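Here is a briefing on one model.

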Amino acid sequence: MIRAARVAARFCLLLAGIAGIMGSAASAAPPGNDRERGKEAVVRHNCAACHAIPEVSGLAGRAGPSLARIGGRVYIAGVLANTQDNMTRWLRDPPGVDPRTAMPNLGLTEQEARDIAAFLGTLK
């Protein structure tokens with residue numbers, strides 16, 4: 001009987017440990033950044049009208065720079081360090097970051113900008 005209680009106690013501790021590991025792994029991911037939603041938002045906002053974008057068919061416009069390998073670049077638009085937060089900031093209000101940019105404010109929501117930044121960050 002005592003042995004069965006010890007086995008049950010160890011099993012409960014094991015389950016609690018697994019739950020703790022899984023919970024911490026889930027919380028380590030950036031909240032609300034979804035690559036696939038970002039790719040869909042890129043298509044919805046017709047970003048390919050001005051940019052060539054891998055994985056996105058369309059016009060492959062030339063008004064803006066190609067976004068191939070944007071995730072591996074050091075700077076965004078030559079003015080911001082290429083981080084997830086800075087990319088989100090840039091996408092939300094390009095003229096607010098650089099008044100001389102040709103990129104317009106597209107009226108993206110915070111969520112859309114975070115998702116697009118997640119997608120662009122994978123283009124390396």
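Buried means under 20% relative accessible area, exposed over 50%, and partly exposed in between, with a 1.4 Å probe and protein chains only. By that scale Arg100 is exposed, with a relative accessible area of 78%. The model is predicted: local features need pLDDT of at least 70, side-chain atom pairs count only at pLDDT 80 or more, and totals for chains, interfaces and linings use all residues. Residues are numbered from 1 along each chain as its sequence is written, and side-chain values use heavy atoms, with hydrogens and water left out.

**Salt bridges**

- The structure holds nine salt bridges, each a side-chain nitrogen of Lys or Arg within 4 Å of a carboxyl oxygen of Asp or Glu.
- Arg100 pairs with Asp98 in one of them, at 4.0 Å from N to O. Asp98 is buried, with a relative accessible area of 15%.
- Arg37 bridges to Asp115, with the closest N and O atoms 2.8 Å apart. Arg37 lies in helix H2 (residues 35–44) and Asp115 in helix H5, so this pair ties together parts that are 78 residues apart in sequence. Helices (H or I, at least four residues) and strands (E, at least two) are DSSP runs, numbered from the N terminus.
- Arg37 is partly exposed at 39% relative accessible area, whereas Asp115 is buried at 4%.
- Glu36 and Arg35 meet side chain to side chain in a salt bridge of 3.0 Å, N to O. Glu36 is partly exposed at 44%. Arg35 is also partly exposed, at 24%.
- A network of salt bridges links Arg35, Glu36, Lys39 and Glu55.

**Largest pocket**

- The largest pocket holds about 560 Å³ of space. A pocket is an open set of points on a 1 Å grid over the protein atoms alone, where a 1.4 Å probe fits, with protein on both sides within 12 Å along at least five of seven lines; lining residues have an atom within 4 Å of a point. Grid points are joined across faces, edges and corners, and the volume is the space filled by probe spheres set on the points.
- Its lining has 28 residues, and the closest to the pocket centre are His51, Gly64, Pro65, Trp90 and Met103.
- Strand E1 (75–76), helix H3 (84–92) and helix H5 (110–121) each give two or more residues to the lining. H3 supplies the largest share, three residues.
- By class, the lining has 22 nonpolar, five polar and one charged residues. Ala, Val, Leu, Ile, Met, Phe, Trp, Tyr, Cys and Pro count as nonpolar, Asp, Glu, Lys and Arg as charged, and the others, Gly among them, as polar.

**Helix H3**

- Asn86, Met87, Thr88, Trp90 and Leu91 are buried in H3.
- The buried residues of H3 pack against E1, strand E2 (80–81), helix H4 (94–97) and H5. Contact means heavy atoms within 4.5 Å.

**Glu112**

- Glu112 sits in helix H5 and is buried, at 16% relative accessible area.
- A polar atom of the Glu112 side chain lies 2.9 Å from the backbone nitrogen of Thr109.
- Beyond its neighbours within four places in sequence, Glu112 is in contact with Arg44, His45 and Gly107.

**Leu67**

- Leu67 is in the loop between H2 and E1. Leu67 counts as buried, at 11% relative accessibility.
- Leaving aside neighbours within four places in sequence, Leu67 is in contact with His51, Ala52, Ile53, Pro54, Arg73, Leu120 and Leu123.

How values were computed. Polar contact = N/O pair within 3.5 Å; in protein donor to acceptor, adjacent residues only side chain to side chain.
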